[in-house]
Amino acid sequence: MKLTTELEKAFNEQITLELEASIVYRQLAIEVEIRDLPGMAAWLRHQADEEIVHANKFIDHVTDRDNRPVIGAVPGPEVAVSSVLDVFRVALEHERRVSESIRELYRRTDAAGDLDSRPLLNWFLSEQIEEESTVSEIVGRIELIGDDGPGLLRLDEELGQRPARGTESAA
């Protein structure tokens, strides 16, 4: 079943937001890389790649529904951080923004009676709970560590253990 023009536009906005999230994570990776925290930088780069995977899922859904995915203007990241804690707080805030956007997309598809989008959006709702929880936990741990160098280095090493995936993976 083809998406309505309104829903096609909403899905395209979500595609653009997912790509924006990727760029935000890339910028955050740069911010910790210049602080000599390669593990955190790698974790954030992996997160950036995962956001591209998410955009691809939405692109595939729109295409499969016989509609036309269109990427909108992706703004440059407006990231101002002065600490590692700020980096992950920015990441958490962006995840919350993406989560709310997905919830709103769900509401719009529900109001339109578009049952075919539910499996995809249900997957994303679960994924966003996990994303917010993970980043929130990292924020909490950094709040406990504070500016303790050995603590930050230990967390850096731990986050650097995240396995890499390509942008075409199933996430």
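I began with helix H3 (residues 84–111), where Arg 107 and Glu 104 lie 3 residues apart, about one turn of the helix. The model I am reading is a predicted one.

I looked up the contact between these two side chains and found a salt bridge, with the closest N and O atoms of Arg 107 and Glu 104 3.0 Å apart. I then checked accessibility: Arg 107 is partly exposed at 42%, and Glu 104 is partly exposed at 36%.

I asked which residues are linked with this pair in a network of salt bridges. The network consists of Glu 100, Arg 103, Glu 104 and Arg 107.

Next I turned to Arg 141, which forms a salt bridge with Glu 158 at 2.7 Å between the closest N and O atoms. I noted that this pair links distant parts of the chain, since Arg 141 belongs to helix H4 (residues 118–145) and Glu 158 to helix H5 (residues 149–159), 17 residues apart. For Arg 141 I recorded a relative accessible area of 28%, hence partly exposed; Glu 158, at 39%, is likewise partly exposed.

In helix H1 (residues 5–33) I examined Glu 13 and Lys 9, which are 4 residues apart and so separated by about one helical turn. Their side chains meet in a salt bridge of 3.5 Å, N to O. Glu 13, at 41%, counts as partly exposed.

Finally, I searched the whole structure and recorded 14 salt bridges, among them the Glu 13 and Lys 9 pair.

Technical notes:
Residues numbered from 1 in each chain as written. Predicted model: local features only at pLDDT ≥ 70, side-chain atom pairs only at ≥ 80, totals over all residues. Heavy atoms only, no water. Salt bridge = Lys/Arg side-chain N within 4 Å of Asp/Glu carboxyl O. Helix = DSSP H or I, 4+ residues; strand = E, 2+ residues; numbered from the N terminus. Buried < 20%, exposed > 50% of the residue type's maximum accessible area, 1.4 Å probe, protein only.
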